Amino acid sequence: MININFPVLDEPIVIDGATYLVVEDQSLFAHLTKLFYQYDGTSELRLFYKDYKGMKTNEISVISDIFGFDVNQASVLKLIYSDIENQLNDQPEIKTKIEQLANTITTLIGHEILNHDLDLEYDEITILELLKSLGVKVETASDTIYEKMIEILQIFKYLPKKNLLVFINVTSYFNEIELKEITEFVSLLNMDVLFLETTQKTYLNQYVVDTDFYVYQSNMV
């Protein structure tokens, strides 16, 4: 569980599973959005664990454009490649075989480079470079914004360094059934996801900061 705090809150809000935070004041909402995108752990927006250890910048991802979000962007693929390499560390025989084959390829190409008319140099092939060369990426097949949302959640579940996913003003894209399914799906994945919104949904449990900066819980059971 992750805690969030900023000046108008009397006490931190716990982000546990799918957590909906409605900020009705436009200026405050815009300011919080900026703080999330620029989060560095030193601003008035505080994100921390139950032991009060602050979240690091690379532990949070912020998304406002679901369809425009590229699940195969370099930063995401880098984390996926790193996760695959960590899996190979638990399978030393397979990792050793891959490294041996990579060394064989390097040796063969090295001979050709030495025989070239130009003075060329080369480096060893790493597992991360092999994954990139093979074009390893996430297979995408989403036709609707709901499917894209589910796809994003599944991907971030398996990115070990990402502990908090923040969506900005996205609930308007989904109907009641879809939002309830998304909430349940986040729970099944055991993820912490914050939805920062401007308007309430009567059928969702949510925290609300109204235009008078009064903070209350709506529909909480």
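Predicted model: local features only at pLDDT ≥ 70, side-chain atom pairs only at ≥ 80, totals over all residues.
Reader: Let's start with helix H6, residues 176-189; what span should it have, and how far apart are its end C-alpha atoms?

Author: At 1.5 Å a residue, the 14 residues of H6 should span 20 Å, and the C-alpha atoms at its ends are 20 Å apart, which agrees with that expectation.

Reader: Which residues of H6 are buried?

Author: Leu179, Ile182, Val186 and Leu189 are the buried ones in that helix. Seen down the axis of H6, the buried residues fall within an arc of 90°, so they line one face of the helix.

Reader: What covers the buried residues, then?

Author: The cover over the buried residues of H6 includes strand E3 (18-23), helix H5 (145-157) and strand E7 (193-197).

Reader: What happens at the start of H6, and what does Asn190 do just after it?

Author: At the start, Asn175 brings a side-chain oxygen to within 3.2 Å of the backbone nitrogen of Ile177, while just after the helix Asn190 takes a positive phi of about 60°.

Reader: Changing topic to strand E8: which way do its residues point?

Author: In E8, residues 206-209, Gln206 and Val208 point one way and Tyr207 and Val209 point the other way, with all of them buried. In a regular strand the side chains alternate between the two faces of the sheet.

Reader: How does E8 run relative to E3, and how many bridges join them?

Author: E3 and E8 run parallel and are joined by 3 bridges; Leu21 has Tyr207 in E8 as its bridge partner.

Reader: What about E8 and E9, parallel or antiparallel?

Author: E8 pairs with strand E9, residues 215-218, in the antiparallel sense over 4 bridges, and Val209 stands opposite Val215 in E9. The two strands form a hairpin with 5 residues between them, and Phe213 in the turn has a positive phi of about 65°.

Reader: Which residues is Leu128 in contact with?

Author: Leaving aside neighbours within four places in sequence, Leu128 is in contact with Tyr81, Ser82 and Glu85. As for Tyr214, which is 86 residues away from Leu128 along the chain, the C-alpha atoms of the two are separated by 50 Å.

Technical notes. Residues numbered from 1 in each chain as written. Heavy atoms only, no water. Expected span 1.5 Å × (residues − 1). Buried < 20%, exposed > 50% of the residue type's maximum accessible area, 1.4 Å probe, protein only. Arc of directions from axis to C-beta. Contact = heavy atoms within 4.5 Å. Polar contact = N/O pair within 3.5 Å; in protein donor to acceptor, adjacent residues only side chain to side chain. Pairing = 2+ DSSP bridges.
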